[in-house]
Amino acid sequence: MKAALVTTPGTLEVTEFPDPTPRAGDLILKVAAAGICGTDLHILHGGFAKALPLVPGHEFAGEIVAVGADVTGFRVGDRVTADPNMPCRSCPSCRVGRGNLCDDFQALGVSEAGAMAEYVRVPAALAVKLPGHVATEDAALIEPLSCAIHAFDVLRMNVGAHVLIYGAGTMGLMLLQLAKQAGAASVHLVDVNPERLATVWLLGATGAAATAEEFDRPQGWDVVIDATGNPRAIADALSRVAKGGTYLQFGVPPEDARVEFDPFRVYKEEIRILGSMAVLHSFERAADLFATGLILPDIFISHRFSLEQAPEAMALFASGQGRKVLIRPGA
Ligand SMILES: [Zn+2]
Ligand SMILES: [Zn+2]
């Protein structure tokens, strides 16, 4: 088959790759679409992956073309997406039900071949069938939605809260929609890219600007979420939390990033600082919520590329343009 392969740090090549074969308990999917996200960029630049070469792609959906032994409940022709995360189930974090913090974190597209390829092998235990009205390609948005849902599990936001989000990419926009769904009184977005801010209005944000200063809310926000990973944005975001409010680190900063904050204020004003990492028990809920039509694919998916164009697609995503960029190996 053809696959996009990170061969060495910085190089993504479309090349021939062995077809996956199903082990017991596995499905083989013909990939309809794989989304690109920040994790793929980290992998391209030599991070996260245990070894190279690697086929990236952990946000995907496709049609079952082969079923391994001992699989029940799925058959050839079913359209599915899958939770890409495969925690070890035996380390201390896994044993207290926090598999996303696994000591030996394995995931499709990170530690084994992912979906930027014509076919991908998926454990049936991680697959979720798509309802008839959900287009297979669009279902690549379910994995990022499951990350945004986990963020709200971590936040436990009060109804009526005022929310400020940094970053109007795919994740910032999903967080905006979930905040509204969860009963936020207002949701403001900050992004330095004016083209991205245009979409924010379509999704019913209270306000959108290049800096939070423009919103004139000196008392701050009850919930402030960084979905950029940018240290300058993070420092600004931490300074915008209201008394008794909560800051959530959702975006992925560089591993060596350091940010100054005001510990006296954190003490005196009882500010909570939280982190949210990937998916935890939120994939099925994401599939159910996606099926309601909450996330409009035509707004969220800004670009669609063929598999041959994978390097171009990755470069476009890296440039910070657009929202969700899909690679369609079947097209
Ligand atoms: Zn992702
Ligand atoms: Zn584990």
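Is Val134 buried or exposed? Select Val134 and find out: this is a predicted model, and in it Val134 has a relative accessible area of 6%, so the residue counts as buried. Val134 sits in the loop between β9 (127-129) and α3. Show its surroundings. Leaving out residues up to four places away in sequence, Val134 touches Arg79, Ala139, Phe290 and Ala291. Val134 and Met86 are 25 Å apart in space and 48 residues apart in sequence.

Next, select helix α3, residues 142-155. Colour α3 by accessibility. Twelve of its 14 residues are buried, so the helix is largely enclosed by the rest of the structure. Among the buried ones are Ile142, Leu145, Cys147, Ile149, His150 and Phe152. Step just past α3 to Arg156, where phi is positive, about 45°.

Move to the metal. Which residues coordinate the zinc ion (ligand 1)? Select Cys37 (SG), His58 (NE2) and Glu59 (OE); they coordinate the zinc ion at 2.1 to 2.3 Å. Along the chain, the donors follow the spacing C-x20-H-E. Cys37 lies in the loop between β3 (26-36) and α1 (38-44), and His58 in the loop between α1 and β4 (59-67), so the pair ties together parts that are 21 residues apart in sequence. Cys37 is buried at 13% relative accessible area, and His58 is buried at 7%.

Last stop: the sheet. Select its six strands, which form an open sheet in the order β12-β11-β10-β13-β14-β15 with parallel pairing. Look at the edges. β12 (207-209) and β15 (272-275) each have a single partner strand, so one side of each is left without a neighbour in the sheet. From one strand to the next, the twist averages 15°.

Zoom in on β10 (residues 162-166) and β11 (residues 186-190). These strands run parallel and are joined by five bridges. His162 has Ser186 in β11 as its bridge partner.

Definitions and conventions. Residues are numbered from 1 along each chain as its sequence is written. Chains are lettered from A and ligands numbered from 1 in the order in which they are written. This is a predicted model: local features need pLDDT of at least 70, side-chain atom pairs count only at pLDDT 80 or more; totals for chains, interfaces and linings use all residues. Side-chain values use heavy atoms; hydrogens and water are left out. Donors are N, O and S atoms within 2.8 Å of the metal (3.2 Å for Na, K and Ca); water is not among the atoms, so sites may look incomplete. Helices (H or I, at least four residues) and strands (E, at least two) are DSSP runs, numbered from the N terminus. Buried means under 20% relative accessible area, exposed over 50%, partly exposed in between (1.4 Å probe, protein chains only). Two strands pair if DSSP finds at least two bridges between them. Axes are lines fitted to C-alpha atoms, for helices over the stretch in contact, and angles run from 0 to 180 degrees between N-to-C directions. The expected span of a helix is 1.5 Å times one less than its number of residues. Contact means heavy atoms within 4.5 Å.
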